[in-house]
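My notes follow the order in which I checked them.

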Amino acid sequence: MTYAYSNAGTTQRYQKLFSPIKLVAGGQFRVLKVPLGFIKALEWIFAIFAFSTCGSYSGMFMMSVECKNRTESDLSIWVEFEYPFRLHQVYFDAPTCKGGPPERLFLVGDYSSSAEFFVTIGVFAFLYSMAALSVYVFALEKYRENNKGPLIDFGVTCVFTFMWLVSSAAWAKGLSDVKASTDPEKVVDLISACDEEGNLCREVHDPVMSGLNTSVCFGFMNLVLWGGNLWFVFKETGIIAPFMRAPPPQEKQPAPDSYGQQAGYEQDPYASAQGDYKPEYNQQQQGYNQEGGEYGHTPTSFANQM
């Protein structure tokens, strides 16, 4: 009994150990080769790139203020900013060139709404794509049962397509405003010492915006992917199936025997001519016999005359 119990426990442990392997082995990974699954995998990847390039951004720029009194100058004024781009909370200290303490200045603008909206759409698109891929791989039959799964998938895909359009356009406009608000040439105008003669203010280092530009590109690429996937999800709903049925095959009619008809057409006048010709021949034969008869009677009549 103890030996049997130990074997049963070992079997259960092995089943728990290999259950994830069985789950993976039972998945239908072939769906990733068709457009429905392949595009969904691309949506999952591009959503990660979209919200990560925007949400993880941090930049800085540097200015310099050279006063008449060189001891009051500050040649390295660093200004740092980051996501979610609440620039009105970003400040820096600049010299007044008047011998007093430096003045604290704030940047202009709050662009957190468009940036956070864009990142939120990216995160939710990532989560939904991952969930949809799991359903495609491990529960494709239940997904297609009664067309409920495809209909829900189609509705959600429509919503995300519209959201990607709105969020990408809003973030593109917000990014242009962020670039304008963090341009060192314009920020220098906020420093009062730069308005006085004899003081020299200039930009030293511009912020690097390549990461934010990439996020906008990924946003519109997601729009194209989700919009293109609408057709393949719509096909799964079965709504268009009645319109895509092929017409029933028509029975092929036998080709007319033109040669036979032509031969019959040529034989009919010949047959009628033969039919018409035979009586004439008989009549001529009869006439010939009659003439022969008359000729045969001539010697008889001649003998009588003799």
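**Salt bridges, core and a loop**

I started with Arg70, which is exposed at a relative accessible area of 53%. I keep in mind that this is a predicted model. Arg70 forms a salt bridge with Glu66, and their closest N and O atoms are 3.1 Å apart. Glu66 is partly exposed, at 25%.

Next I looked up Glu116. Its salt-bridge partner is Arg86, again with 3.1 Å between the closest N and O atoms. Glu116 sits in helix H3 and Arg86 in the loop between E2 and E3, so the pair ties together parts 30 residues apart in sequence. I noted both as partly exposed: Glu116 at 28%, Arg86 at 32%.

I then checked Arg144, which meets Glu236 in a salt bridge (3.1 Å, N to O). This pair links helix H4 to helix H7, 92 residues apart. Arg144 is partly exposed, at 42%. I also found Lys40, Glu43 and Asp153 linked in a network of salt bridges. My count of salt bridges is eight.

I turned to the largest nonpolar core, which has 58 residues. Among the members that touch the most others are Met63, Phe92 and Trp171. Several elements supply at least two residues each, including strand E1 (58–66) and helix H5 (148–181). H3 gives the most, with 11 residues.

Thr96 lies in the loop between strands E3 and E4. Beyond its neighbours within four places, Thr96 contacts Pro101, Glu103 and Ala193.

Technical notes: Residues are numbered from 1 along each chain as its sequence is written. This is a predicted model: local features need pLDDT of at least 70, side-chain atom pairs count only at pLDDT 80 or more; totals for chains, interfaces and linings use all residues. Side-chain values use heavy atoms; hydrogens and water are left out. Helices (H or I, at least four residues) and strands (E, at least two) are DSSP runs, numbered from the N terminus. Contact means heavy atoms within 4.5 Å. A nonpolar core is a set of buried Ala, Val, Leu, Ile, Met, Phe, Trp, Tyr and Cys residues joined through side-chain atoms within 4.5 Å. Buried means under 20% relative accessible area, exposed over 50%, partly exposed in between (1.4 Å probe, protein chains only). A salt bridge is a side-chain nitrogen of Lys or Arg within 4 Å of a carboxyl oxygen of Asp or Glu.
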